[in-house]
Amino acid sequence: MTIETLSTVRSHGGTQGVYKHQSATTGTDMTFAVFVPDHAEGAKLPVLWYLSGLTCTHANVMEKGEYRAACAEHGIIFIAPDTSPRGEGVPDDPDAAWDFGLGAGFYVDATEEPWASNYRMRSYVEDELPSLVLREFAAADMTRQGITGHSMGGHGALTVALRTPDRFRSVSAFSPIVAPLQCQWGEKALGHYLGANREAWTAYDACALIASGAQVADLLVDQGETDSFLADQLKTHLLVEACELAGQKATIRMQPGYDHSYYFISTFLAEHVAWHAERLKA
């Protein structure tokens, strides 16, 4: 498995690259972005993963996230994969809906046809891409990893970390879908990708995982109070309740006046990078 460099550019005392490789997991070409701060030869830097939301690619946070200065300051490699497989023959929502199919992989391993052959974003994010990064980016210290994400990607970050708590020293999220079993976005995606057995869905529901005993060392969540998706899809109060009942350490902040957009994310992303840096360098 080899990677192709699509572009590199200097920024904030580091290199922002975009790369492509043939994925054995998804059966497609996959594109991802990596920012590597300047560092001494032989140095090892912690890694922060960023999972994007519905309709997004690696490019959304790369172009609008405003993370590079903070990553350069704290010496953190920032990796942003795509949200779903793409390409000729990859199935999409037959109704061309924006909340399912291409751009909406939901970070699951699909078990239902026609999705099962390509929609394997859980295995891609948890296994294949980290192995590729370990091999291709010598500075990446995979013993010090954090993860964050936005919306559907916030859901991905929370569930990946809760399922593999020994892998991540830090986890945060922006406007995450915290209870997919209890919202339309989640029911649509999980129902199509995983089938009618709702028990199989619980591995992809942060609130359900916490209620069943899954824990991470610490958790930071920022949610905009004027987010139009808050009441019906994101339901942040359910995460607050789940953490309180389970004794999960968490800082969950409601931010007045902020919405669901990258205007919100870019405002607080540098603060999240610093929060992760404290835990990744300890």
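1. **His58.** His58 sits in the loop between β4 (45–51) and α1 (59–64); helices (H or I, at least four residues) and strands (E, at least two) are DSSP runs, numbered from the N terminus. The model is predicted: local features need pLDDT of at least 70, side-chain atom pairs count only at pLDDT 80 or more, and totals for chains, interfaces and linings use all residues. Numbering starts from 1 along each chain as its sequence is written, and side-chain values use heavy atoms, without hydrogens or water.

2. Is His58 buried or exposed? His58 counts as buried because its relative accessibility is 13% (buried is under 20% relative accessible area, exposed over 50%, partly exposed in between; 1.4 Å probe, protein chains only). Beyond its neighbours within four places in sequence, His58 has contacts (heavy atoms within 4.5 Å) with Val18, Thr31, Phe32 and Ala33 among others. Ala80, Pro81 and Asp82 are also on the contact list of His58.

3. **Largest pocket.** The volume of the largest pocket is about 210 Å³. Its lining holds 14 residues, and those closest to the pocket centre are Leu54, Thr55, Cys56, His150 and His260. By class, the lining of this pocket has six nonpolar residues, seven polar and one charged. (Ala, Val, Leu, Ile, Met, Phe, Trp, Tyr, Cys and Pro are nonpolar; Asp, Glu, Lys and Arg are charged; the others, Gly among them, are polar.) On a 1 Å grid over the protein atoms alone, a pocket is an open set of points with protein on both sides within 12 Å along at least five of seven lines, a cavity is a set where a 1.4 Å probe fits but cannot get out, and lining residues have an atom within 4 Å of a point.

4. **Largest cavity.** How many cavities of 30 Å³ or more does a search of the whole structure find? The search finds one. The largest cavity holds about 40 Å³ of space (volume is the space filled by probe spheres set on grid points, joined across faces, edges and corners). Its lining includes Leu158, Leu162, Val171, Ala206 and Ile210. Val216, Leu219, Leu239 and Gln248 line the largest cavity too. Two or more lining residues come from each of α4 (152–163) and α6 (206–211). The lining of the largest cavity has eight nonpolar residues, one polar and no charged.

5. **Trp98 and Phe229.** The structure has 17 aromatic pairs (rings of Phe, Tyr and Trp, the last by its six-membered ring, with centres within 6.5 Å; planes under 30 degrees apart are stacked, over 60 edge-to-face, the rest tilted). Trp98 with Phe229 is a tilted pair, 6.5 Å centre to centre with 45° between the planes. The pair joins distant parts of the chain, 131 residues apart. Trp98 is in the loop between β5 (77–81) and α3 (121–136), and Phe229 in the loop between β8 (220–224) and α7 (230–234). Both partners are partly exposed: Trp98 has a relative accessible area of 45%, and Phe229 has a relative accessibility of 26%.

6. **Tyr258 and Phe264.** This pair is tilted because the ring planes meet at 45°, with the centres 5.9 Å apart. Tyr258 is partly exposed at 28%, whereas Phe264 is buried at 0%.

7. One aromatic cluster is formed by Phe35, Tyr50, Tyr67 and Phe78. Arg68 lies over the face of Tyr67, 4.8 Å from the ring centre (a charge sits over a ring if NZ of Lys or CZ of Arg is within 6 Å of the ring centre and within 35 degrees of the ring normal).

8. **Helix α5.** Which residues of α5 (residues 184–194) are buried? They are Trp185, Gly186, Lys188, Ala189, Leu190, Tyr193 and Leu194. The cover over the buried residues of α5 includes α7. Just after α5, Gly195 has a positive phi of about 95°.

9. **Loop between β5 and α3.** Gly89 lies in this loop and is exposed, with a relative accessible area of 69%. Gly89 and Thr28 are 61 residues apart in sequence, but their C-alpha atoms are 9.4 Å apart in space. Tyr107 lies in the loop as well. Tyr107 is buried, at 1% relative accessibility, and has a positive phi of about 55° although it is not a glycine. Pro114 also has its place in the loop between β5 and α3. The peptide bond from Glu113 to Pro114 is cis, with omega near 5°.

10. **Glu66.** Glu66 is in the loop between α1 and α2 (68–74). Glu66 is not a glycine, yet its phi is positive, near 60°. With a relative accessible area of 57%, Glu66 is exposed. Most residues other than glycine have a negative phi, and most peptide bonds are trans.
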